[in-house]
Amino acid sequence: MPRYLIERTLPNAGQLSAAEWQAIAAKSNDVLGDLRQRGVAIQWDHSYVTENALVCVYVAPDVESIREHAHRGGFPCDTVRQVDTIIGPVTGE
């Protein structure tokens, strides 16, 4: 199944509290659960938080399911890119 990087502009993301992140993650989990009940095999892997944005890693069947999750959850979804290859330090060995 394809892996995607999702860029989400969120002003002051780096300043959000643990409680705010918990609420955001819970909403995302609720929407993901609903989508999975409807037969969409989508999974949130993790997200990186920066000062004014998030970069999220998802596994999903297609871009449309990523955008549907964002729409239903009320999350920004500026850019969705499919990951072609994953490399790391061991790639150079």
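On one side of helix α1, residues A18, A19, Q22, D30 and Q37 are exposed (over 50% relative accessible area); buried means under 20%, and partly exposed is anything in between, with a 1.4 Å probe and protein chains only. This is a predicted model, where local features need pLDDT of at least 70, side-chain atom pairs count only at pLDDT 80 or more, and totals for chains, interfaces and linings use all residues. Residues are numbered from 1 along each chain as its sequence is written, and side-chain values use heavy atoms, leaving out hydrogens and water.

Back to α1. Helices (H or I, at least four residues) and strands (E, at least two) are DSSP runs, numbered from the N terminus. In α1, S28, V31, L32 and L35 are buried. They sit on the same side of α1, because they cover an arc of only 100° around the axis, judged by the directions from the helix axis to the C-beta atoms. The cover over the buried residues of α1 includes β2 (43-49), β3 and α2.

Now for the inside. In the largest nonpolar core there are 16 residues, and those with the most contacts inside it include Y4, I6 and Y58. Such a core is a set of buried Ala, Val, Leu, Ile, Met, Phe, Trp, Tyr and Cys residues joined through side-chain atoms within 4.5 Å. In soluble globular proteins, nonpolar side chains tend to be buried together. Leaving aside neighbours within four places in sequence, Y4 is in contact (heavy atoms within 4.5 Å) with residues including C56, Y58, I66 and V80. C56 itself lies in strand β3 and is buried, at a relative accessible area of 2%. Although C56 and E7 are 49 residues apart in sequence, their C-alpha atoms are 6.6 Å apart in space.

What about charges? The structure holds five salt bridges, each one a side-chain nitrogen of Lys or Arg within 4 Å of a carboxyl oxygen of Asp or Glu. R3 and D45 meet in one of them, at 2.8 Å from N to O. That pair links distant parts of the chain, since R3 is in strand β1 and D45 in strand β2, 42 residues apart. Another joins R81 to E7, with the closest N and O atoms 2.4 Å apart; here strand β4 is linked to strand β1 across 74 residues. R81 counts as partly exposed at 44% relative accessibility, and E7 does too at 33%. Finally, D34, R38, E68 and R72 are linked in a network of salt bridges.
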